[in-house]
Amino acid sequence: MEPLFVSTLIVALAEIGDKTQLLALLLAARYRRPWPIIWGIVIATLANHAAAGAIGNWVSQALSPVTLSWILAASFAAVALWTLVPDKLEEEEASRGRRFGPFLATLIAFFLAEMGDKTQIATVMLAAQYSDFVLVILGTTVGMLLANVPVVLVGNLAAGRLPLTLIRRIAALGFAALAVYAVYEAISLSALPPPV
């Protein structure tokens, strides 16, 4: 269950103040129909994170455990720093899918906005770190929903009151902790005698 809980926590924290959360707010304000937007987020996230998880799973099988641990350590450290930088929603991302209605607009906009986003990259890294692909994808998807569904349901009311800087710092600490753990794993694996 560790992959599920770690993935959920890391992505939920990283997503707060992220551009996809801003996108959720914009879509909620534009369409005022929360359930089609929420279902669009669910399906877009599952599809995007399943692809990212497949890449992470493939990488974990293609590289030696020591090399993978060092790459994960560097990647988690980079994402920790990236998490400290607030995201801004670009107008082009906000207008994608506008003519399709709330569900398809959300599906298209969320899927595309997640491409190369820190939560997608985190999904790749988490899937590379944990062997249980399904639990990682479920965890990252639940994390996205924990961060975005309240924004869709409550709108701007709660979003303006969240301590975004503190939340970004906590998420960065989570990624930094994963980086330290990956360094520990790399050093431990390097110290093992080679198999006979």
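Contact here means heavy atoms within 4.5 Å. Helices are DSSP runs (H or I, at least four residues), numbered from the N terminus.

## What we're looking at

This is a predicted model, where local features need pLDDT of at least 70, side-chain atom pairs count only at pLDDT 80 or more, and totals for chains, interfaces and linings use all residues. Residues are numbered from 1 along each chain as its sequence is written, and side-chain values use heavy atoms, with hydrogens and water left out.

## α3 against α7

Start with helix α3 (residues 34-62), where Asn48, His49, Ala52, Gly53, Ile55, Gly56, Asn57 and Ser60 meet Thr119, Gln120, Thr123, Val124, Ala127 and Ala128 of α7. Sorted by class, the residues of this contact come out as five nonpolar, nine polar and no charged. For that sorting, Ala, Val, Leu, Ile, Met, Phe, Trp, Tyr, Cys and Pro count as nonpolar, Asp, Glu, Lys and Arg as charged, and the others, Gly among them, as polar.

As for geometry, α3 and α7 (residues 118-129) pack at an angle of about 40 degrees, their axes 7 Å apart. Axes are lines fitted to C-alpha atoms, for helices over the stretch in contact, with angles running from 0 to 180 degrees between N-to-C directions. The two helices are therefore oblique to each other (under 35 degrees is roughly parallel, over 145 roughly antiparallel, 65 to 115 roughly perpendicular, and the rest oblique). Their crossing is right-handed, meaning the near helix is turned clockwise from the far one by less than a right angle.

## α8 and its two partners

Helix α7 also packs on helix α8 (residues 133-154): the axes come within 10 Å and cross at roughly 155 degrees. That makes α7 roughly antiparallel to α8, and this crossing is right-handed too. From α7, Thr119, Thr123, Leu126 and Ala127 take part, and from α8, Val136, Ile137, Thr140 and Met144. Five of these residues are nonpolar, three polar and none charged.

Then there's helix α2 (residues 19-31), packed with α8 at an angle of about 30 degrees and with the axes 8 Å apart. That makes α2 roughly parallel to α8, again with a right-handed crossing. Here Thr20, Gln21, Ala24, Leu25 and Ala28 of α2 meet Met144, Ala147, Asn148, Val151 and Val152 of α8.

## The largest pocket and Gln129

The largest pocket holds about 190 Å³ of space. On a 1 Å grid over the protein atoms alone, a pocket is an open set of points where a 1.4 Å probe fits, with protein on both sides within 12 Å along at least five of seven lines, and lining residues have an atom within 4 Å of a point. Of its 14 lining residues, Ser69, Leu72, Ala128, Gln129 and Glu185 lie nearest the centre. α4 (65-83), α7 and α10 (164-191) each supply at least two of the lining residues, and α4 gives the largest share, four. By class, the lining has eight nonpolar, four polar and two charged residues.

Gln129 itself is found in α7. Leaving aside residues up to four places away in sequence, Gln129 touches Leu72, Phe76, Leu178 and Tyr181. The C-alpha atoms of Gln129 and Pro65 are separated by 9.5 Å, though the two residues are 64 apart along the chain.

Key: Grid points are joined across faces, edges and corners, and a volume is the space filled by probe spheres set on the points.
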